[in-house]
Each structure stands twice: as C-alpha cells, then as structure tokens.
Amino acid sequence: MINDIERPILVAPMPTPFTEKDEVDLDAIENNSIKWIKSELSGFVLGTENGEESLLSHNEKLDIFKTVSNTLKNEKLIIAGVDNPSISETLNESEKYAELGADLIRIRIPRRRDTINKYFDEVLKNICKPVLIIHQMSPGGFDSSMTTEGANPDQIGRFCDNDNVFGYIASHLVRFEMMTRKFVPKSKQFWVPNAMLMPTMSLEGANGGCFMLGNIAPKICRNIINLGLNGNYNEAKKINDTLIDLDWNILSRGAAGIKYALDLLGFVGGDPRKPLNILSETDKKNIKDSLNVSGITEVE
C-alpha cells in the first residue's frame, strides 16, 4: 500500500466526533471517512492530539481504528499513532494496530532523554510495521514554542537510517529541523508538521506533510508541497499566504477549531470531548470568515 501512494504524501490527523452523550460517534467517523476517500488526501494518522487521544480509552481507540480501516479498505494510508515510553507496550500496541490494517506506526520520541537510544534500538529491531517518527514533545502546544525535550538531530538521523523507518515528521522548531535534515537520509520521508511551514521547510527538503489543514484543504496543500519540491518557492508561498489566517484560526483552537471547520464543509465535527472548551461565537466567526477568504468550499 505504501509504495502505491502518489507523492508528495500528505496525511492528516483525523478528528474524533462524539455524540450528545459524549460517546465516540463511529457512524460519523465512517461517513466522514467515505467522504475523504474522494479527496486528494493520502491518508490519516489515528491516535493524535488532534483526535483527542488523551481523552479516549484504549478500546475506543481500537474501535475507531477498526471503523476507519474497514471503511477505507486500502484506499488511503492508515497510520497508527503510538505514544508509549514502554518498549514492550509500544510493541504490543503496534501489533494490535497492524492486525487491524495499519500501514505504518507513528511513534513519538520518548520524553526522557536517558531512555531514547535504548527505546528505539529495541523497538525498531522488533516492531511489526514500518515506523514514522514524530518530534512532538508537547502535544497540543500548537500556538506556542515547542520544548527542547527529546532527541538530538544526530540521534534522529541515526534512528531514521534504520531500514524499518519510513520517515520523520518534523517539529515546529525550524532552526532545530534545519540541522536535523542534514542527518535524515534523503531517501526517507521528511514531513512538514504545519501548513504555515510548507514553503519554508520545502527549502530544507521537506517532501510531504502531516497537519490539521490537510483535513480540509488536501488538494491545495499537496500542490504547495509539490511546487516546493520542484523549486517553485515563490509560487508556493503565494498560494500558502492565502491559507495562513485560516490555518492560524483553526490551529490555535486545537481540535475544536478543525472540527468546526469540518462542520462548515459538510462533515461531522461537533464539539470536543468534555472537559475541553467549546468554541466561542467569536472563534466560530473567525474560522468561518477565514474559510470564506481562503476560497475553500469543499474538501477536495
């Protein structure tokens, strides 16, 4: 499945709709997935901050994954998000997702620096599926600077050099990632973590992306990444500038922001799970206005 995906690859962290009883809405997830099949989005990461992973039980995560996998039926990449500092539990979780149809396992770099080398040496040697490493030390900190926790650029490069690693999702720390790019093999995927950074990071050799805006503007975003890959940086930036306000108004409001944008485009987003804050009327107006200015009227 991975080799059949057209480049550049753009995946999105799929939001999780909930019912009025605050239960996972599997019917809405299925219906949303059917609509996304028709778009230019390459696939999804399930088990992310954007999907409200910290508010989901283990069984709910498995039910979501099973629903999406059964719906997409190999039409899109399905990536399982795993964030577990335990070697054995990372491998156990990965095995379960692989059985349900995962193409890749996305792993966050553990927070404790003194465990990172041992963790990846063991995990990469024994994991059942190719790995996508993400440098996201503070999930949810979309509108603030990333922390300096995690691995060093040369460590990340060494992990990515492993045959079992498909690629790397960079952080928002562009200066840090400029150095990291020197160590990550050019044969591996090196993905932009945020739509605002597409033109900037294309200068450093980014060849794909994983971010919220992919849920609603995959065609435009893949075009921007492709322009960067072909050296058309000015044109890429010109198009990207039309998305900056929209991206900011969504991203700074987390899962609630992208879910409301999806509601406006005919998908089921809904409110985030309690106790996360719902959007104010001002928030909704800002997202709606910026969506109109961007010219996006449907998910393509």
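Helix α2 (residues 58-72) supplies 3 residues to the lining of the second largest cavity, the largest share of that lining. Helices here are DSSP runs of H or I with at least four residues, strands are runs of E with at least two, and both are numbered from the N terminus. The structure is a predicted model, in which local features need pLDDT of at least 70 and side-chain atom pairs count only at pLDDT 80 or more, while totals for chains, interfaces and linings use all residues. Residues are numbered from 1 along each chain as its sequence is written, and side-chain values use heavy atoms, with hydrogens and water left out.

A cavity is a set of points, on a 1 Å grid over the protein atoms alone, where a 1.4 Å probe fits but cannot get out; a pocket is an open set with protein on both sides within 12 Å along at least five of seven lines; lining residues have an atom within 4 Å of a point. Grid points are joined across faces, edges and corners, and a volume is the space filled by probe spheres set on the points. There are 2 cavities of 30 Å³ or more. The second largest cavity holds about 100 Å³ of space. Its lining includes Met 14, Leu 46, Glu 53, Lys 61, Ile 64, Phe 65 and Tyr 97. By class, this lining has 6 nonpolar, 4 polar and 2 charged residues, where Ala, Val, Leu, Ile, Met, Phe, Trp, Tyr, Cys and Pro count as nonpolar, Asp, Glu, Lys and Arg as charged, and the others, Gly among them, as polar.

The second largest pocket has a volume of about 220 Å³. Among its lining residues are Phe 18, Glu 20, Asp 22, Val 268, Asp 271 and Lys 274. The lining of this pocket comprises 5 nonpolar, 2 polar and 5 charged residues.

Helix α2 also contains Thr 71. Thr 71 counts as buried because its relative accessibility is 13%, buried meaning under 20% relative accessible area with a 1.4 Å probe and protein chains only. The side chain of Thr 71 reaches the backbone oxygen of Thr 67 at 2.7 Å. Beyond its neighbours within four places in sequence, Thr 71 is in contact (heavy atoms within 4.5 Å) with Glu 30, Ser 33, Ile 34 and Ile 37.

In strand β3 (residues 77-82), 6 of 6 residues are buried. Leu 77, Ile 79 and Gly 81 point one way from β3, and Ile 78, Ala 80 and Val 82 the other way. In a regular strand the side chains alternate between the two faces of the sheet. Strand β2 (residues 43-46) pairs with β3 in the parallel sense over 4 bridges, pairing requiring at least two DSSP bridges. Phe 44 has Ile 78 of β3 as its bridge partner.

Definitions and conventions: Buried < 20%, exposed > 50% of the residue type's maximum accessible area, 1.4 Å probe, protein only. Polar contact = N/O pair within 3.5 Å; in protein donor to acceptor, adjacent residues only side chain to side chain.
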